[in-house]
Every structure is written in structure tokens, then in C-alpha cells.
Amino acid sequence: MSKIKVTNPATGELIEEISMQSNAEIELAIKNGHQAFQKWSKLDAHERSRLIQAWSAKVQENKEELAKLMTLENGKPLNEARGEIDYSTAYLDWYAEEAKRVYGRTIPANTNSKRIIVTREPIGLVAAITPWNFPTAMMARKAAPALAAGCTFIVKPASETPLSGMKFIDYAYEVGIPKDVIQYVMGEGKVVGEIFTKSERIRKITFTGSTAVGKQLIANSSENIQHVTMELGGHAPLIVTEDADIELAVQQTVAAKFRNAGQTCVCANRIIVHESVVDEFTEKFASEVKKLEVGNGLKEGIDIGPIINEKGYNKIVEQIEDAIAKGAEALVGNQFQVDKEKGCFFVYPTVLKNVTTEMTIMHEETFGPVAPIVSYKTLEEAVELANSTPYGLAAYFFTNDYRVGHYLHDHLQFGIIGWNDGGPSAAHAPFGGMKESGLGREGGIEGIEPYLETKYLSIGGL
Ligand code: ADP
């Protein structure tokens, strides 16, 4: 049986070897999840809510242990891992409450004698595929509304970081959520993806990852008309206007750019600054970035951990080299610490100035700690530049002029917008993208919708 080697990206050390499941084992998990739906969907919502709450409390009780495991396999600084655990349980808490609010409605009929009643039902067995950059949060965001709605759930975690996600689910078992209600399976993404989309028992596919894989899953899900939720790539613009509070913009841009070493789909990827403040912003931003500490996330005081793997590292380096070859200047960074044999790749936070739209970094997601700065003259130009991407996940802007703020809010084609806010994501808000960034929303009252079917009953009268 083939195994997945889970290693620490900061040191190259082997953490654990885990077995991949055979296709037959994955099929059996699907069968069990499908069967378990009969019982779980009939459990009353208040009981499901209590179980999800208990799960959240159990995760919190074990926060340190789980955060440490996450840093070991993912590399993110320990404080960020702790933050991710809180963010994950926020989804459990929110949907434990929403479980009790799956309301129906009555519709006035066209004759007095008729009654029309609308009810909401759980969709069935849900299959999820999750990425390595947020090993527990991306699971929580999907599993919490699924279980709250009355669906059963099966997830394939990313092969780079399966351990913290598996442990996160183990805590659900400890509080009494039945094993077949929430399961994890390990296997190669492509293989498991095909098993999921070919299965008539699975009614919904929910995925967070690259746009390329998302497109494949959408195409394959047509075979059984499975519902899909897709949280895909991003290429976030961050606009700093002439009247912005520069100190605030600098501080929030550091957060929006360098969280998780720049490896998030909402990380600012294009920093678009008004020509009248670009020098001031660039200088202050570069001096803050210089202070960021790079290293093993388990050590106190580290801000930037390793890049997850060689593929990710190569992409970042290619984008920096391309920009410099085309005239960009690296004010900070453009330094690397690499041990290919061990599989350790560190990229020092890099600030690029004199960036132009000819450079690859202005068109492709970087997924790394590189901040390219371009300047603009008119607001229309800034909006055009910001929207000139197939992606539409997150955008940020900094202005203290409410008219400019409303203009940007109206014109930016992105699902999540931070106005003077570099961290807009929250369990109680509908996270998701437009255009090639995805389909559907996760979080907030919207986030439970994709796990529900609508049924209406028309009752004839006398
Ligand atoms: P990333 O570049 O962030 O790793 P991917 O889209 O490649 O993004 O991976 C996200 C998740 O999708 C992981 O769990 C991965 O194993 C899985 N995956 C990769 N390729 C496929 C595929 N062809 N079908 C289904 N899942 C896949």
C-alpha cells in the first residue's frame, strides 16, 4: 500500500508516514457516509447543534497541540496556527447556531383554499477536497455547515498537510459525532476527485484549491449533476488612494500580503498606489517589511515561515526574476535560503518597485511573500487595472474619502472587499469569489445554503 510522507517544510524532517486508501476503501467510506445520512439528517437540529458545539470546545481544549502539529506540517508561524484554530472553531460555533435556523416559509396561494409551504432539507452526502494552506479552517468552513444542515461529510485533505485536519476530525469523534457522519480519506487528488464525481451517492462537491483543478471538478461533476461550491484562485488588488492614511495602509498591507508567507488566495498580489503618495508608501512599507523575521515557525518571533514545496518556490522565484529582468527593482528581499535535498525553501519578504503590467506577477497569482508596487494617476485607471484579471476573490482599498470608498466598492468586481481593512475574512461573513475565483459562498447565513435542497408542498383545499 502506498504511503504519503508528511514532512516539516522548515527542516525537511519526516513527521509521519500515512497510508493512502485503496479505491475500494474510499468507495466503502462513501457507502457508509451515504447510509449514515439517513440517521444524521433525522437527528433534531438542536442535538446536531449541541454536538457541533461540543466539537468546537474539544478543539479549543487541545488548541496548543493542534497548532503545533499544524506548524510542523505547514510551516506557518505558531501564532498564525493558533489563529487558524480560533478561526476554525468560529465556523463550528457559527454553524452550530445556524443549524437551528434552517427556516422554511409559507407562500400566499392564488386561491384562498390552497396552502403552499416551503421546507429546506439537507442535500445528502457531501464530499470535500481541501488545500494545504489552511489545513483545518478550510475543513471547518465546509464540515460545519454540512453537519449543521444534516448532511454527512467526507473529506480528502491535502497530501502536504493531512495531519492537523485528521486530528481536527478526530476531536469530533471524541464528543460523539458518529464516525460515518464525518470521515477523511487519503489518496491522490486526481484519483479521489474522480471517485467523488463518479459517485451517485455524493450529492455535493465542495472544493478549495486551484482554478485549474476546480474547473476539472466542475466538468466531472456534471456526470451526476452534483451541486458544487468552488473556492479557487485569486489575484487581489490593493489600492492606496491619495487621501489614504498611509500608516494604516502600510500596517494593513503587511498583514494582507505576508500572512502565511503570502500563501493564501486572498493575499494582496498587486499593490496599486496613487502617484502622489507612492514614494512615501513604498518607503514606509519597505522599512516595515525589513523587520519581518524569516525562519522555523515553531520559534518565537518568526513572521514568515517556509514555502510549502519546491513547485511553489520555483513559481515565486520565476516571478521575481521576470519582474527584475523587465525593469523592476527589489527594495527588500530577493533573497532565498534553500536546501533542495531536505526540501526546505525560504523566500525573504520582497518588495518590488517600478513594476509594470508586462510583468508576470501582475497577471498570475504568486502565492508567496512578494509585494509588487505600481502607481496610478486616476481612480478609473486604478479600477481598470484592479479588474483586469480573470479572478475576483478579494480586493482591498485604503481611503478616508467616503465618496471614493463608495466608488471603489461599486466598481471593483470582487466577492470580498476590505476598506481600510487588511483582514476582512470572518466566519459570520460570506467568503467567496466572482469570475474564475469560484462559485458559491462559505460563511455567514449564505454558507449553509449550498447544503440545503428546497422542497415545496402545495395543499389543495375545499
Ligand atoms: P494547490 O496548488 O493549492 O496545492 P490544488 O488545486 O493542486 O492546489 O490542490 C488542492 C487540493 O486538490 C489538494 O487536496 C489536492 O490533493 C487536490 N487535487 C489536486 N489535483 C486534483 C484533481 N485533479 N482532482 C481532484 N483533486 C485534486
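Start by selecting the ligand and Ser210: an oxygen atom of the ligand is 2.7 Å from an N or O atom in the side chain of Ser210. Taken alone, the ligand exposes 540 Å², and the protein buries 78% of that (Shrake-Rupley method, 1.4 Å probe).

The model is predicted: local features need pLDDT of at least 70, side-chain atom pairs count only at pLDDT 80 or more, and totals for chains, interfaces and linings use all residues. Residues are numbered from 1 along each chain as its sequence is written, and side-chain values use heavy atoms, leaving out hydrogens and water.

Next, select Lys156, where a polar side-chain atom lies 3.0 Å from an oxygen atom of the ligand. Then select Gly189: a polar backbone atom there is 3.3 Å from a nitrogen atom of the ligand.

Now show the 14 residues around the ligand (a heavy atom within 4 Å of it). Among the nearest are Thr130 and Trp132. Colour helix H7 (189–198), which gives the shell its largest share, three residues. Strand E8 and helix H8 (211–221) each supply at least two. Helices are DSSP runs of H or I with at least four residues, strands runs of E with at least two, numbered from the N terminus.

Finally, go to Thr208 in strand E8 (residues 202–208). Is Thr208 buried or exposed? Thr208 is buried, with a relative accessible area of 5%; buried means under 20%. The side chain of Thr208 makes a polar contact with the side chain of Lys142 at 2.8 Å (N or O atoms within 3.5 Å, one able to donate a hydrogen and the other to accept it).

Terms used
Buried < 20%, exposed > 50% of the residue type's maximum accessible area, 1.4 Å probe, protein only.
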